[in-house]
Amino acid sequence: MDPDLPVYFAINPDWPYAHRIGPIVEITGSDGAVYIAENGQEGVLPPAVRDQLNWSNV
């Protein structure tokens, strides 16, 4: 992938919008995890993206 391309979340096939990625937080320890925050909505996912995610028929 091109590292200069923007990155978006596609979260919900019933609400097929692209969401901007916000801060990323890492929690360490035995219950560690990485959390990615959402930072606003960009717009409707293009049909090609919905097709690749198999969200076209949802």
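Reader: Leaving aside its neighbours within four places in sequence, which residues is Arg 20 in contact with?

Author: This is a predicted model, in which local features need pLDDT of at least 70 and side-chain atom pairs count only at pLDDT 80 or more, while totals for chains, interfaces and linings use all residues. Residues are numbered from 1 along each chain as its sequence is written, and side-chain values use heavy atoms, without hydrogens and water. With contact meaning heavy atoms within 4.5 Å, Arg 20 is in contact with Tyr 8, Phe 9, Ala 37, Glu 38, Asn 39, Gly 40, Gln 41 and Glu 42.

Reader: Why is Arg 20 called partly exposed?

Author: Buried means under 20% relative accessible area and exposed over 50%, with partly exposed in between (1.4 Å probe, protein chains only). Arg 20 has a relative accessibility of 33%, and therefore counts as partly exposed. Asn 39, at 45%, is also partly exposed.

Reader: In which strands do Arg 20 and Asn 39 lie?

Author: Arg 20 belongs to β2 and Asn 39 to β3. Strands are DSSP runs of E with at least two residues, numbered from the N terminus. Asn 39 touches Arg 20, Ile 21 and Gly 22, not counting residues up to four places away in sequence. Between the C-alpha atoms of Asn 39 and Ile 21 there are 5.3 Å, although the two are 18 residues apart in sequence.

Reader: What makes β1 and β3 edge strands?

Author: The open sheet has three strands in the order β1-β2-β3, with antiparallel pairing. Both β1 (8-12) and β3 (33-44) pair on one side only.

Reader: Which residues line the largest pocket, and how many of them are nonpolar?

Author: The lining consists of Met 1, Asp 2, Pro 3, Leu 5, Pro 6, Val 7 and Tyr 8. Six of these residues are nonpolar, none is polar and one is charged. Asp, Glu, Lys and Arg count as charged; Ala, Val, Leu, Ile, Met, Phe, Trp, Tyr, Cys and Pro count as nonpolar; the others, Gly among them, are polar. A pocket is an open set of points on a 1 Å grid over the protein atoms alone, where a 1.4 Å probe fits, with protein on both sides within 12 Å along at least five of seven lines; lining residues have an atom within 4 Å of a point.

Terms used. Pairing = 2+ DSSP bridges. Helix = DSSP H or I, 4+ residues; strand = E, 2+ residues; numbered from the N terminus.
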